[in-house]
Amino acid sequence: MNEQKTFLVFGGTGQTGRHFVRLALQQGHAVRVLARTPSKLAMEHEDLQVVPGSITSELDLDALLTGTDAVVAMLGDVAAQRERQVNTEFVRALVPAMRRQGVRRFLYQAGGLSAAPGKRLAPALRLVRSTIARGYIGQHEDNEAVMRYLDEEARDIEWMVHRAGIGSDGPSKGELYRSPSAISIGTFVDCAAYNLRTVQDERAVHTCDPSTYRRPSGDRDRA
């Protein structure tokens, strides 16, 4: 997928999203962003289209998807997700619209403390989730519901989930690689670069993997 693509981005004004939009444009892609507050994106480009709106408002998803090649969602609202599973509600509406418009590729960014379907977190991650990250339990559960829906009801879609460990908005610490188990605390820009590579990687389809700065031994082709 080296030719220009058009990405529909949800969460493009967030800390990872802004880097994703910038990197995609720098690489020659076109980007359409849904933004509750468009001014937060603070960039202009001939291949950038910003559409006002939010995932919790009435949306014409078919119109947003028209002419796009892939969807990237980097969404998180801790307060809203304490009350209800807003991301799951949104993805359940998005996927049928993708089918109608013939858009097959979808990357969803979850947190590293959200367990993949049918799997348990490592003991150390379970401890962090139940203590330091206890206030984010609604977010973890929402992400897990999204992953279950994709795994059980949307395998006709070329989805992939990045269970990201995001720590800071500092400079790049290197390149992140997909791993079935290892997870690193990445910067926002490194997670964005990983998302951009991964959404274009056929090998990542139907995976819910974390990412690590250490390239997995014996798997030189992993993203």
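**Close-up views of pockets, cores and selected residues**

**View A. Lining of the largest pocket.** At least two lining residues of the largest pocket are supplied by each of α1, β2 (30-35), α3 (78-83), α4 (86-101), β5 (105-111), α5 (123-130), α6 (137-153) and β6 (158-168). The model is predicted: local features need pLDDT of at least 70 and side-chain atom pairs pLDDT 80 or more, whereas totals for chains, interfaces and linings use all residues. Residues are numbered from 1 along each chain as its sequence is written, and side-chain values use heavy atoms, with hydrogens and water left out. Helices (H or I, at least four residues) and strands (E, at least two) are DSSP runs numbered from the N terminus. The greatest contribution to the lining of the largest pocket is that of β6, with four residues. The pocket holds about 1,200 Å³ of space, and among its 47 lining residues L75, G76, D77, Q109 and Q139 lie nearest the centre. A pocket is an open set of points on a 1 Å grid over the protein atoms alone, where a 1.4 Å probe fits, with protein on both sides within 12 Å along at least five of seven lines; lining residues have an atom within 4 Å of a point. Volume is the space filled by probe spheres on points joined across faces, edges and corners. The lining of the largest pocket comprises 21 nonpolar, 23 polar and three charged residues (Ala, Val, Leu, Ile, Met, Phe, Trp, Tyr, Cys and Pro count as nonpolar, Asp, Glu, Lys and Arg as charged, the others, Gly among them, as polar).

**View B. The second largest pocket.** This pocket has a volume of about 190 Å³. It is lined by 14 residues, with R120, A122, R163, P180 and S181 closest to its centre. Strand β9 (residues 208-212) provides the largest share of the lining of the second largest pocket, three residues. By class, that lining contains eight nonpolar, two polar and four charged residues.

View C. Three aromatic pairs occur in the structure (ring centres of Phe, Tyr or the six-membered ring of Trp within 6.5 Å; planes under 30 degrees apart are stacked, over 60 edge-to-face, the rest tilted). One of them joins F7 and F20 in an edge-to-face arrangement, with 5.8 Å from centre to centre and 75° between the planes. Because F7 belongs to strand β1 (residues 6-10) and F20 to helix α1 (residues 15-26), the pair ties together parts that are 13 residues apart in sequence. Both F7 and F20 are buried (under 20% relative accessible area; exposed is over 50%, partly exposed in between, with a 1.4 Å probe and protein chains only).

**View D. The nonpolar cores.** The largest nonpolar core contains 29 residues, and F10, V71, V91, L94, F106 and L150 have the most contacts inside it. Such a core is a set of buried Ala, Val, Leu, Ile, Met, Phe, Trp, Tyr and Cys residues joined through side-chain atoms within 4.5 Å. Two or more residues of this core come from each of β1, α2 (61-65), β4 (70-73), α4, β5, α6 and β6, and α4 gives the largest share, six residues. Beyond four places in sequence, V71 touches L8, F10, L65, L94, M98, V103, R105, F106, L107 and V199 (contact means heavy atoms within 4.5 Å). A second, separate core has 21 residues, including F20, V21, L23 and A192.

**View E. Helix α7 and its residue L196.** Nine of the eleven residues of α7 are buried, so the helix is largely enclosed by the rest of the structure. The buried residues in α7 are F188, V189, D190, C191, A192, Y194, N195, L196 and T198. L196 lies in this helix (residues 188-198) and, with 2% relative accessibility, counts as buried. Apart from neighbours within four places in sequence, L196 contacts F7, F20, L23, A24, Q27 and H29. The C-alpha atoms of L196 and V72 are 8.8 Å apart, although 124 residues separate the two along the chain.

**View F. The surroundings of N87.** N87 is part of helix α4 and is buried, at 2% relative accessible area. Its contacts, not counting residues up to four places away in sequence, are I55, L75, Q81, Y108, D142, N143 and V146.

View G. Most residues other than glycine have a negative phi. A42, which is not a glycine, has a positive phi near 50°; A42 sits in the loop between β2 and β3 (48-52) and is exposed, at 68% relative accessibility. H206, likewise not a glycine, has a positive phi of about 65°. H206 is placed in the loop between α7 and β9 and counts as partly exposed, at 26% relative accessibility.
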